[in-house]
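Hi,

Here is the structure I promised to pass along. Have it open while you read my notes below.

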Amino acid sequence: MKKLASELYDLLQIIAPSGKEERVVHYIKPKMEKWLDHVWIDHYGNLLGERQYGTGTGPTILLSAHMDSVDGVEPDREVLREGDIYYSSAGILGADDRAGMAIVMAVIRNLGATAFNGKLKVAFTREEEIGRRGSQALDMAWLHDVEVAIVVDRRGNRDIVTSFADVQPFCHPSVGQFFEEAGRMCGMPDWKAVRGGISDACTFASYGINSVNLSAGYQYEHTWDEFVSITSCKETVQLILAVLDLAGKRGVGFVNQAQV
Ligand SMILES: [Zn+2]
């Protein structure tokens with residue numbers, strides 16, 4: 001997973017506030033094309049892709065992160081590294097949600113080595129920070145067969161967000177338990193289902209798709225104190241690979257088979 005750190009660094013260099021995501025698309029689209037069967041930009045400017053693994057008879061999973069950052073990236077700032085941490089010399093870092101994108105890309109590169117044998121769909125969305133406009137513009141017909149939507153846009157590490165506060169559940173409780181089980185199986189038993197804030201998971205859940213929002217390794221997002229831990233990013237990649245491996249082994253309907 002060496003590439004994750006350098007790709008995250010590249011993504012952090014790109015200034016792309018809400019509505020101006022084109023430079024992120026320009027950077028990441030050719031990399032997606034290397035690994036996915038189809039990559040395209042939808043009518044709203046969301047960057048989408050999909051790939052079938054193995055027989056393709058397993059579950060369909062959506063991986064998603066948002067391409068925009070909030071305003072506040074200083075044009076002349078430097079992205080600095082200390083140990084496994086990236087931070088900004090001034091202003092916000094913008095790892096919310098470039099870290100989520102780097103994690104999704106690392107999953108794509110490593111998924112072929114797992115038992116996953118379904119279809120992977122990838123959605124890098126626009127304008128999450130100004131009201132989830134990109135995810136709300138996605139074609140619902142494209143999402144109809146998605147069994148679980150995995151959004152990677154939560155601060156910190158080891159959080160499996162399964163609801164927006166106590167306002168909107170994102171999924172059946174068995175889905176959070178399935179992710180916790182995958183965490184235990186890959187040596188990270190402290191991944192826990194928790195309540196969280198607003199993310200594109202709110203959108204996918206509103207379509208009736210079982211959804212979660214996973215930690216992306218950044219902290220203090222939207223402030224000058226923001227930083228991101230490369231180690232935490234890699235741990236999220238490992239969790240998602242474990243989830244998809246287990247989903248491949250259990251097959252379609254796996255979300256209903258979680259063991260408590
Ligand atoms: Zn975010």
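A quick term before the details: two residues are in contact if their C-beta atoms, placed from the backbone, lie within 7 Å. Helices are DSSP runs of H or I with at least four residues, numbered from the N terminus. This is a predicted model, where local features need pLDDT of at least 70 and side-chain atom pairs count only at pLDDT 80 or more, while totals for chains, interfaces and linings use all residues. Residues are numbered from 1 along each chain as its sequence is written.

**α6 and α8**

Phe-179, Ala-182, Gly-183 and Met-185 of α6 meet Leu-239, Ala-242, Val-243 and Leu-246 of α8. That contact has 7 nonpolar residues, 1 polar and no charged (Ala, Val, Leu, Ile, Met, Phe, Trp, Tyr, Cys and Pro count as nonpolar, Asp, Glu, Lys and Arg as charged, the others, Gly among them, as polar). α6 covers residues 173-185, and its axis is 9 Å from that of α8, at an angle of about 110° (axes are lines fitted to C-alpha atoms over the stretch in contact; angles run from 0 to 180 degrees between N-to-C directions). So the two helices, α6 and α8, are roughly perpendicular (65 to 115 degrees; under 35 is roughly parallel, over 145 roughly antiparallel, the rest oblique).

**α3 and α8**

Helix α3 (residues 95-110) also packs on α8 (residues 230-250): the axes come within 9 Å and cross at roughly 45°, so α3 and α8 are oblique to each other. On the α3 side are Ala-99, Ala-102, Ile-103, Ala-106, Val-107 and Asn-110, which meet Cys-233, Thr-236, Val-237, Ile-240 and Leu-241 in α8.

Ile-103 is in contact with Val-152, Ala-216, Cys-233, Thr-236 and Val-237, leaving aside neighbours within four places in sequence.

Cheers
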